[in-house]
Amino acid sequence: MTRAFLVVMDSVGIGGAPDADQFFNGDLPDTGANTLGHIAQACAEGRAEEGRSGSLRVPVLESLGLGSAVRLANGDPVVDQPNGLWGAATEVSRGKDTPSGHWELAGVPVPWDWTYFPDTTPAFPDDLVAEVAKAAGNEGILGNCHASGTAIIDELAEEHIRTGQPICYTSADSVFQIAAHEEHFGLDRLLKLCADIAPTLHKMKVGRVIARPFVGDAEAGYTRTTNRKDLALAPPSPTLCDWVSGAGREVIGVGKIGDIFSMHGITQLHKGSDAQLMDHLDRLVEDAPEGSLTFANFVEFDSLYGHRRDVSGYARALEWFDARIGAILPRLREGDLLIITADHGNDPTWHGTDHTRERAPVLGYGVGAKPIGLVAFADVAASIAAHLNIPAQGPGRSFL
């Protein structure tokens, strides 16, 4: 029996999505967005020099086939011969968001259109605002608009502390986000508020209700904590997590995985910052039982650097990830499979602050050099199921 590790570099897209013209940041389409390609270009041109310098250095990912995957995704000639499994995956779900990408990677494309709130102020219908205010025990809410999470906290934190009203905002994704101070409002109170209103929002086909706790004061500034919690609409049918756990195997979630799948099929869960999550992954290479699936999401590429359009920070994170994953790969057991991929793009050189519609890299370690070409997101789930020798469901086909 063998083990599988599925590692999602959240938002590390590689361009080339054939339907990018149908997805937008503001009024401009995502045509031409390429998260990884544009970061590498910026580094080469000396435009990503904060905390690092020079060309983007990701030798481990490059040896597996990352550069070849980027070229393949964008229709460019592939001239090198990588050492790993490599290809590019195309999404069919009508969303460029976390649940759509992860569910489809786990074998279940989204069968409906998500509900998105208009980019107006106010953004939310009056009856929803009234329900949230009542559940919070307040007269109203703050925000009620599209916003960057860090910016709206800086803008409204003091009024939030003074009035006790929760800060509610959204983005181009299908989300309803609530920010509140962990001490003045209370972390448990924030989590309960999100849980109380989630059923209403899920009935509306809003993908996630997200608790965004923060700490700090006016003098020192305000900082979001790692106690974020996503209450996601449950997948419409069994995913890879259910297939594996239904076969009596362990499914170990690392990062947001438990939230994204509403804990369906997850038997263990480990959370924390990306650095802490990498420590968990490092340990699980030793401790994960035979036949198990370890499913990890590293979110800070997206949350700290993509949305903030921080090219240098994104490049630093990629180089950090490359070094850490490079130390893990040689310690995998014979017969293990580790796949590295992404759920969508978030090009930090792009206009706007939202995700970008892109193909995702598919890189693998444990099966030798293996070009797989252009594949579907759902093929990742089918391939892991085949590796673990369990039945697969859904539209995916194994590329192993």
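## The start of α12

Where helix α12 begins, a side-chain oxygen of Asp310 comes to within 3.4 Å of the backbone nitrogen of Ser312. This is a predicted model, in which local features need pLDDT of at least 70, side-chain atom pairs count only at pLDDT 80 or more, and totals for chains, interfaces and linings use all residues. Residues are numbered from 1 along each chain as its sequence is written, and side-chain values use heavy atoms, with hydrogens and water left out.

## Along the helix

Helix α12 covers residues 311-328, 18 residues in all, and spans 26 Å from its first C-alpha to its last, close to the 26 Å expected at 1.5 Å a residue (1.5 Å times one less than the number of residues). Helices here are DSSP runs of H or I with at least four residues, and strands are E runs of at least two, numbered from the N terminus.

Among the buried residues of α12 are Val311, Tyr314, Leu318, Phe321 and Ile325, and also the charged Glu319 and Asp322. Buried means under 20% relative accessible area with a 1.4 Å probe, protein chains only.

## The whole protein

The protein has 13 helices and 16 strands. Of its 400 residues, 57% are buried. Its C-alpha atoms fill a box of roughly 60 × 50 × 40 Å along the principal axes.

## The largest pocket

Which residues lie nearest the centre of the largest pocket? They are Arg212, Thr225, Thr226, Arg228 and Ser303, out of 25 lining residues. A pocket is an open set of points on a 1 Å grid where a 1.4 Å probe fits, with protein on both sides within 12 Å along at least five of seven lines; lining residues have an atom within 4 Å of a point.

Technical notes: Buried < 20%, exposed > 50% of the residue type's maximum accessible area, 1.4 Å probe, protein only. Polar contact = N/O pair within 3.5 Å; in protein donor to acceptor, adjacent residues only side chain to side chain.
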